[in-house]
Amino acid sequence: MRALACGLLIVSLFNAWGISQPITIVAIDAGHGGDDTGGIGIDDLYEKEIVLKIAHLIALEAVHFPRIKVILTRRDDRSLSPAERLAAAQGAHLAISLHLDFSYDPRARGITALVPTNAQSSSRALAEALRLRLIASTRTLDRGTHQAPLWLRRLSIPAVQLNLGFLTNPEEARKLAQLAYQRRVAQAILEGINDFLRSN
Ligand SMILES: [Zn+2]
């Protein structure tokens, strides 16, 4: 009985110190950067800038998620080759690349998840968890999960690209430029990662 009590004390101490749960390192990759602006939407909104802001907000909000440690592939406005992105993501257990979408049709809107071609099922599971949270939080259109030949395929970890909305849709562009909306998206991504970790 004393051994059990002692064991429980140690477990609760470990919980208090936050070291009983394994830490998951998540590489957050803000797409584009530097000379590579990505798409430019209405009101001169730059894809590279909005995804970088959301990446920083994910890193900031991650303090509320003790199991998650975020690393950013880029922290500022610089261009990175796929090889440099791969190198920056070394040591991560999960990778999420952030992008925005563009269309000639201004009505096109919504969030899409992309997984690398021949993705492992864990990438699909991560994509589903992220999409569920993002759609519930933003109430935009769910455009589903699709396959694409992404640089992420060269990582041997669950990896997803999120296209977080259309900068060519006036309403979505206006929201994506707002800090409150960017924060909501960042929060939803962290909740999605948390859901994925709980069920895997
Ligand atoms: Zn992009």
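The angle between two helices is taken here between their N-to-C directions and runs from 0 to 180 degrees, with each axis being a line fitted to C-alpha atoms over the stretch in contact. The model is a predicted one, and every value below is computed from it.

The crossing in which H4 passes H6 is right-handed. On the H4 side, the residues that meet H6 are Ala125, Leu126, Ala129, Leu130, Leu132, Arg133, Leu134, Ser137 and Thr138, and their counterparts in H6 are Arg184, Val185, Gln187, Ala188, Ile189, Glu191, Gly192, Asp195 and Phe196. Sorted by class, this contact of H4 with H6 holds 10 nonpolar, four polar and four charged residues.

Helix H6 also packs with helix H2, and here the angle is about 55 degrees, with the axes 9 Å apart. H2 and H6 are therefore oblique to each other, and H2 passes H6 in a right-handed crossing. In this contact Lys53, Ile54, Leu57, Ile58 and Glu61 of H2 meet Gln182, Arg183, Val185, Ala186, Gln187, Ile189 and Leu190 of H6. The residues involved divide into seven nonpolar, two polar and three charged.

In soluble globular proteins, nonpolar side chains tend to be buried together. In this model the largest nonpolar core has 47 residues, and Ile54, Val160 and Ile189 are those with the most contacts inside it. When neighbours within four places in sequence are left aside, Ile189 is in contact with Ile58, Ile96, Leu130 and Leu134.

Ile54, for its part, is found in helix H2, which spans residues 47-61. Because 24 other C-beta atoms lie within 10 Å, Ile54 is buried, a label that calls for 20 or more such atoms. Apart from neighbours within four places in sequence, Ile54 is in contact with Leu98, Leu164, Gln182, Val185 and Ala186. The C-alpha atoms of Ile54 and Leu179 are separated by 8.8 Å, although these two residues are 125 residues apart along the chain.

Back in helix H4, Leu126 is buried, since 29 other C-beta atoms lie within 10 Å. Its contacts, neighbours within four places in sequence left aside, are with Leu94, Pro158, Val160 and Phe196. Leu126 and Ile189 are 63 residues apart along the chain, and their C-alpha atoms are separated by 10 Å.

Not counting residues up to four places away in sequence, Glu47 touches Gly31, His32, Thr37, Gly38, Gly39, His99, Leu100 and Leu167. From Glu47 to Asp101 the distance is 8.5 Å, C-alpha to C-alpha, while the two are 54 residues apart in sequence.

The loops complete the picture. Leu152 lies in the loop between strand E5 and strand E6, the latter covering 159-166, and this residue is buried, because 26 other C-beta atoms are within 10 Å. Leu152 touches Ala95, Ser97, Pro116, Ala159 and Gln161, residues up to four places away in sequence not being counted.

Asp43 is found in the loop between strand E1, 24-30, and H2, and it has a positive phi of about 60 degrees although it is not a glycine. With 10 other C-beta atoms within 10 Å, Asp43 is exposed. Arg139 lies in the loop between H4 and strand E5, 142-148, and it too is not a glycine but has a positive phi of about 60 degrees. Arg139 counts as exposed, because it has 8 C-beta neighbours inside 10 Å, and the limit for that label is 12 or fewer.

Note on methods: Residues numbered from 1 in each chain as written. Predicted model: local features only at pLDDT ≥ 70, side-chain atom pairs only at ≥ 80, totals over all residues. Left-handed = near helix turned anticlockwise from the far one by under 90°. Helix = DSSP H or I, 4+ residues; strand = E, 2+ residues; numbered from the N terminus. Contact = placed C-beta atoms within 7 Å. Nonpolar A, V, L, I, M, F, W, Y, C, P; charged D, E, K, R; others polar. Core = buried A, V, L, I, M, F, W, Y, C linked by C-beta atoms within 7 Å. Parallel < 35°, antiparallel > 145°, perpendicular 65-115°, else oblique.
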